[in-house]
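Subject: Structure handover

Hello,

My notes on it follow.

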Amino acid sequence: MRQLLRTWAARRLIRWAVVPRAALRLVGPLTVLLAWELSARLGLVNTLLFPPPSKAFADLVVLVSTGYLWKALYASLFRVVCGFALAVTVGVSLGVAMARIRLVNDFVDPLVELLRPISPLAIFPLAILWFGIGDGSKIFVIALAASFPVILNTFAGARSIETNLIRASRSLGATELEIFKGIVLPASLPYIFTGVRLAWGISLIVIIAAEMVGATVGMGYMVLEAQQTFRTERVFAGIFVIGAIGFATDLGFRRLRQWLLPWYRETES
Amino acid sequence: MSGDPEPEFVRFDGVGLTFPGGSGRRVVEVIRQLDLSVKAGEFVAIIGPSGCGKSTLLSLLAGYLAPSSGRVLFRGKPIAGPGRERMMVFQQPALFPWLTTAENVAYGLKLKANRGNGRNVDETVAAMLQLVQLDGFARHYPSDLSGGMRQRLEIARALAVDPQVLLMDEPLAALDALTRRTMQREVLHIWEKTRKTILFVTHDIDEAVIMADRIVVMAQRPTFVLEIEEIGLARPRLREDPEVGKVARRLSALLE
């Protein structure tokens with residue numbers, strides 16, 4: 001009964017509080033856009049450097065209608081998804097292996113600690129030599145940079161399992177394999193998920209930078225090319241798209257977590 | 001009891017336990033020359049100064065630790081490791097947070113070791129949840145349950161695999177006073193219904209006197225059995241009963 005009352009009260013509270021809050025959260029960005037638009041129109045700022053946002057959106061419409069945006073977006077997202085998928089696969093396997101097998105940890109951990117502080121872009125010139133100017137070099141640097149948070153979080157998750165959980169399942173009669181599948185993996189999942197979410201964010205950052213350094217197509221290349229031809233409104237249009245993708249996918253990750261880990265209670269922030 | 005079939009159900013036979021030192025840690029002798037026998041179906045409470053090794057005693061019986069000397073016997077055989085005939089109920093419930101109440105109880109039944117023992121999973125889960133009065137919470141996650149409910153769920157999960165001994169390591173210590181009293185009745189009720197042997201570690205002397213057939217008083221570390229007190233009083237016993245108070249005072253004098 002108390003439980004029922006609590007969820008009911010919580011639902012009422014959410015309905016009452018979140019809707020106006022969501023609207024409230026739009027006020028900040030809208031104010032900035034409006035102030036920017038006005039100051040551009042009134043000639044308060046150099047429109048060559050700060051074109052009004054309406055011009056950027058107009059250019060976005062052009063990019064969409066000519067299909068140029070889709071080409072760039074497809075190229076970038078393809079690289080991101082491939083690199084990210086590699087990072088998650090390798091990262092989770094290595095993280096679990098490091099947590100479970102001491103020898104693997106002794107071998108891999110120093111490598112991770114040595115490679116992790118190196119900017120992925122420092123390796124990018126080499127990657128171009130190894131894998132060419134096309135997709136291969138980008139996928140490689142993304143996979144490299146994004147695998148670190150996955151490895152480290154998976155390791156932390158698999159290491160921080162309550163001894164009593166393992167003991168309880170051992171008493172109930174679980175084999176080593178059953179403990180791994182039934183306890184170690186699900187217990188690490190919230191950590192793995194955090195690592196994966198971080199990896200996605202890193203992938204999005206790395207791809208833009210890599211495409212600005214060396215590419216012939218992609219969102220990073222599009223923005224850089226616009227800058228070199230002094231089409232600032234296109235630079236902003238590109239930045240808006242990149243921001244929107246980051247925002248939307250992170251929202252998607254949060255939804256995915258609620259669906260995948262309904263039992264997980266994040267400490268209230 | 002006349003004609004007890006198994007007087008040597010659980011037996012600690014000259015048990016000693018020393019944790020080896022090394023890498024900056026001191027050698028710690030936890031248990032020295034401990035002898036103790038528990039009969040089948042008995043409710044034994046274990047009390048003693050905090051940190052004396054009461055919980056360690058249960059870990060030995062659960063098979064999480066091996067004695068450094070002497071033997072720990074279960075039905076005449078030395079204990080080789082954890083096994084479902086000796087289930088531990090932890091102080092901080094070790095429930096699986098990603099499983100619902102019903103799934104937690106079903107977990108043990110679905111393991112390879114326990115499959116095909118003739119117990120229907122759904123029926124057993126339903127019966128266990130009813131026994132601990134958690135029917136109606138089958139789909140809740142542990143994080144949605146109160147402290148007392150979690151503790152009852154932990155007991156249900158242990159009982160589901162039909163153990164012969166319940167090892168309860170201060171199972172009620174984390175509960176508030178009121179819930180604790182209710183749970184003492186609950187545990188006794190479960191014990192009377194299932195007739196499982198229970199070893200119950202507690203630091204609450206009153207609790208031990210109200211619940212147990214026998215109370216084992218342990219010494220300061222390195223620990224051994226200081227005294228064993230048979231409680232002949234009829235159940236249900238009340239904290240306010242002067243007889244209960246008398247026993248409790250005598251025991252607490254022993255511990256000072």
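In this predicted model, helix H8 of chain A (residues 176-213) packs against helix H10 of chain A (residues 232-260) with an angle of about 170° between them and their axes 11 Å apart. Angles over 145 degrees count as roughly antiparallel, and H8(A) and H10(A) are therefore roughly antiparallel to each other.

On the H8(A) side, the residues that meet H10(A) are A:Phe193, A:Arg197, A:Trp200, A:Leu204 and A:Ile208. Their partners in H10(A) are A:Ile242, A:Ile245, A:Gly246, A:Thr249, A:Phe253 and A:Arg257. Sorted by class, this contact of H8(A) with H10(A) holds seven nonpolar, two polar and two charged residues.

Next, the interface between the chains. Here 16 residues of chain A are in contact with 22 residues of chain B. Two elements of chain A, helix H7 (163-172) and H8, each give two or more residues to the side that touches chain B. H7(A) provides the largest share of that side, with seven residues. The class breakdown for the side of chain A that touches chain B is six nonpolar, five polar and five charged residues.

On confidence, chain A has a mean pLDDT of 90, with 91% of its residues at 70 or more. Within chain A, the lowest confidence is in helix H1 (residues 2-41), where the mean is 77. The highest is in helix H9 of chain A (residues 219-228), at 96.

Regards

Methods:
Residues are numbered from 1 along each chain as its sequence is written. Chains are lettered from A and ligands numbered from 1 in the order in which they are written. This is a predicted model: local features need pLDDT of at least 70, side-chain atom pairs count only at pLDDT 80 or more; totals for chains, interfaces and linings use all residues. Axes are lines fitted to C-alpha atoms, for helices over the stretch in contact, and angles run from 0 to 180 degrees between N-to-C directions. Helices (H or I, at least four residues) and strands (E, at least two) are DSSP runs, numbered from the N terminus. Angles under 35 degrees count as roughly parallel, over 145 as roughly antiparallel, 65 to 115 as roughly perpendicular and the rest as oblique. Two residues are in contact if their C-beta atoms, placed from the backbone, lie within 7 Å. Ala, Val, Leu, Ile, Met, Phe, Trp, Tyr, Cys and Pro count as nonpolar, Asp, Glu, Lys and Arg as charged, and the others, Gly among them, as polar. pLDDT is the predictor's confidence in each residue, from 0 to 100.
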